[in-house]
Amino acid sequence: MASLVYRRYGGSLQVDLPSFDVLEEAVRIPETQWIATACPLEGLSCDSRFLTFMDADGNSRIRVAEVRAAVEWAAKRLKDRRGADAGSPVLELDSLTEEARPLRSAAETILRTLKAPDGARISLEQVRASDSALRAAGQNGDGIVSPAHLPERLRPLAVDLMASFPEVKNRAGEPGVDPAMVKRFREERTALLAHLEARPAAFAWGETSLDTAKRIREVAPLLDTYFVQCRLVAAQPEAATSLRLRSERVEGALGDLAALGKAAGDLPIAPPEPAGVLEWSRLHRGPAFEQLEAFHRDVATSVTGDARRLTDPAWREMSAKADAVLGWQAKFDSSPVRKLVDALPSVPEADLEAIEAECAADLALKPTLDAIVELERLVLYQRWLLVFANNFISMPNIYMPRRLALVERGTLILGGRKYTLSVLTTNRAAHSALTGQGTTCVLYVQVAPKDGTPGYEVAVPVTRGRSTDLVVGKRGIFYDVDGKEHDATVMQVVRQPVSLWESMTMPFTRMGAFITSKVEGLATTGEKTFDTTLEKGYTQAVAAPAPAPGAPPAAAAAAPTGGIAGMVAAGSIAAAALGSSFAFIVTQVKSLTLVDLISAATVIALVVMAPAGLLGWLKLRRRNLALLLEGSGWALNDRLMLTPALSSLVTRRPRLPKGARVDRMDMVRPELVRQREEDGEEEGLSGWARLGLILLALFVVLWLVRVPVLTAMCGAQWLSEDTCTVVLPSTAEPAPAAPAPAAAPATK
């Protein structure tokens with residue numbers, strides 16, 4: 001029994017699975033100690049056929065019980081597990097147990113068929129190539145043989161059989177014949193030949209029986225109704241009155257052609273006779289008159305031999321014979337082999353037996369072909385089962401930069417950084433709803449293959465850099481696990497702090513964005529107000545009538561204010577308000593020393609950044625990659641923590657190539673100078689104008705800090721208090737004059 005070793009990966013404790021023997025023991029541990037308990041088939045970078053074998057119940061998910069069953073099945077058939085330890089796609093036949101004898105026989109058959117030089121081992125490619133070759137040769141093991149794989153003399157008969165019965169296809173997708181089809185042909189042939197023998201008795205009128213029966217069936221509703229009416233009149237003579245049209249109905253329908261036609265159609269085809277006799281000469285000229293006359297002329301006279309009348313017994317006899325003819329024909333038409341009616345007696349029984357023998361020979365291959373399928377399963381389990389367990393029972397590969405986890409879809413290059421972990425997402429809304437509950441910044445990227453195949457979306461965690469540089473619509477390139485390059489576009493960003501510095505500065509970033517948005521909004525509103533005011537003033541100026549000559553000035557003064565003058569007045573008031581605000585700010589700043597300004601700025605920064613930094617530090621320590629997998633359908637038992645030290649495994653900025661040298665010189669500046677010299681003119685401010693602006697700004701700064709600077713200078717040791725006199729302008733009232741000091745002794 002192999003001893004189990006548990007190792008720690010990124011904060012989670014996982015069982016180590018270095019070999020198949022250890023795996024055989026590890027699948028017995030409780031499910032609570034597995035990293036995953038279920039996963040979808042989508043998004044795993046391994047052989048799709050292997051995943052199909054693992055998914056025993058076909059629900060597109062792999063669960064704990066299915067992994068255990070797969071390991072147990074492979075362990076019973078492999079006595080030498082070195083191939084499974086190495087994940088080899090080549091199976092050594094000597095490594096098979098006695099229970100795998102059918103698989104070994106199938107492997108030897110394949111090697112002989114392919115004429116392989118080495119008969120001691122078989123590869124996955126050989127297994128799949130032989131399966132295709134056997135199916136292409138018509139050996140499918142299902143007993144369904146295509147006509148192309150039958151002897152030439154049997155092919156026409158096989159084609160006739162296939163045309164007579166529903167199509168069946170073999171494993172290769174080719175239509176063919178099977179023993180059930182041959183058996184049914186015998187049964188249908190016997191039944192049809194017996195049915196043909198009964199044809200003379202059914203066709204009482206010879207070769208014209210079918211046409212005659214069809215004509216009788218056409219008029220049967222009319223004549224059946226007439227003879228029923230005759231029985232009614234015979235039993236109750238007064239009913240004859242009810243079968244006639246009343247005068248008021250005829251009078252009401254006069255002038256209405258449609259109503260008259262309907263009234264005529266409701267009449268019996270002839271006056272009902274209690275004796276049950278239809279006199280052809282007494283037919284009413286209703287809607288069915290022409291049809292009945294043709295039937296009388298072409299059918300009734302020749303069948304009954306009476307051209308004047310048709311009795312009820314004669315009609316019933318005629319109907320019975322017609323039903324027999326039509327019944328025989330319907331049964332004949334329902335026979336699937338009716339098209340072969342002429343060739344049925346001449347079909348040799350030996351040919352049918354030969355087709356059955358070919359089908360039986362193909363069916364005899366079923367155990368071998370089934371063994372080939374199981375052989376493919378075993379080779380795939382040897383290649384992938386240990387790898388899959390290291391991505392299901394344990395997940396060390398997700399932390400190892402030199403190993404590829406099965407859940408990974410590829411590498412994203414975006415914004416100068418390399419994102420090495422990406423997970424397939426089929427439902428972005430559900431996935432982002434789950435990852436939004438975590439603390440990891442996640443990008444949802446649309447991958448568009450260049451070869452025209454359908455695109456897909458991946459979720460990419462961001463663990464380094466700045467999340468503010470990542471916006472929707474940003475483009476990059478994506479390399480899948482096969483190394484193919486595709487276009488990539490950011491579709492959504494679940495924004496979270498990526499670094500401690502970003503979390504500390506994020507409040508200032510948000511405040512800056514807020515202030516910018518408000519300033520832009522105010523500017524936009526001001527522009528609209530200015531345009532509205534200007535338009536209103538212009539309209540009033542144009543629409544106002546000119547004052548009458550000699551009108552008193554008071555009238556003009558009483559006119560409503562507005563227009564350009566009002567706008568100028570409003571602008572003056574606004575300018576005065578802004579000037580007052582600026583003066584107040586300058587007055588408050590003047591009362592502070594330079595040390596006070598620096599201290600205040602530092603305190604404000606600490607008050608804002610310290611809580612944000614603490615919160616960001618906590619978020620960075622709680623980053624969990626498990627949410628990324630759970631959003632894609634995984635069921636996980638443990639968290640996949642991503643500590644700051646492990647963040648470089650997911651998001652990296654590669655170094656410059658070894659031996660590369662960085663030239664700090666800006667190559668653009670010389671080109672700009674050369675371009676300006678060629679153009680002979682410069683845009684923007686001249687050098688003197690820039691110097692003037694710099695001096696003005698320096699003067700404003702020095703003026704604002706003059707009080708703390710001079711105070712500091714006066715407090716120097718080399719300057720006494722008696723010789724330091726500073727006169728500053730002040731707006732306060734002058735203090736009362738102090739009394740003159742007493743005479744002081746002379747000083748040097």
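The model is a predicted one: local features need pLDDT of at least 70, side-chain atom pairs count only at pLDDT 80 or more, and totals for chains, interfaces and linings use all residues. Residues are numbered from 1 along each chain as its sequence is written, and side-chain values use heavy atoms, with hydrogens and water left out.

**Aromatic pairs**

- You will find 11 aromatic pairs here; rings of Phe, Tyr and Trp (its six-membered ring) pair if their centres lie within 6.5 Å, with planes under 30 degrees apart counted as stacked, over 60 as edge-to-face and the rest as tilted.
- Phe203 and Trp328 make an edge-to-face pair, because their ring centres are 5.3 Å apart and their planes stand at 85°.
- That pair links distant parts of the chain, 125 residues apart: Phe203 is in the loop between α9 (199-202) and α10 (209-235), and Trp328 is in helix α15 (residues 312-334). Helices (H or I, at least four residues) and strands (E, at least two) are DSSP runs, numbered from the N terminus.
- Phe203 is buried at a relative accessible area of 8%, and Trp328 is buried at 6%. Buried means under 20% relative accessible area, exposed over 50%, and partly exposed in between (1.4 Å probe, protein chains only).
- Phe392 and Trp634 form a tilted pair, with 6.4 Å centre to centre and 45° between the planes.
- Phe392 lies in the loop between α17 (366-389) and β11 (410-414) and Trp634 in the loop between α23 (626-630) and β18 (635-636), so this pair ties together parts 242 residues apart in sequence.
- Phe392 is buried, with a relative accessible area of 0%, and Trp634 is buried too, at 7%.

**Charges over rings**

- Arg377 lies over the face of Trp73, 5.4 Å from the ring centre; a charge sits over a ring if NZ of Lys or CZ of Arg is within 6 Å of the ring centre and within 35 degrees of the ring normal.
- The charged end of Arg383 sits over the ring of Trp384, at 3.9 Å from its centre.

**Cysteines**

- The structure has zero disulfides, a disulfide being a pair of cysteine sulfur atoms within 2.5 Å.
- For Cys46, the nearest cysteine sulfur is that of Cys39, 8.7 Å away.
- Cys46 is buried, with a relative accessible area of 15%, and Cys230 is buried at 1%.

**The sheet around β15**

- Eight strands form an open antiparallel sheet in the order β13-β15-β14-β17-β16-β11-β12-β19; two strands pair if DSSP finds at least two bridges between them.
- β13 (423-425) and β19 (651-652) are the edge strands, each pairing on one side only.
- Strands β14 (residues 441-449) and β17 (residues 485-494) pair antiparallel over eight bridges, and Val445 stands opposite Val490 in β17.
- In strand β15 (residues 456-462), seven of the seven residues are buried: Tyr456, Val458, Val460 and Val462 point one way, and Glu457, Ala459 and Pro461 the other.
- β13 and β15 pair antiparallel over three bridges, while seven bridges join β14 to β15 in the antiparallel sense.
- In β15, Glu457 is the bridge partner of Thr425 and Tyr456 that of Val447.
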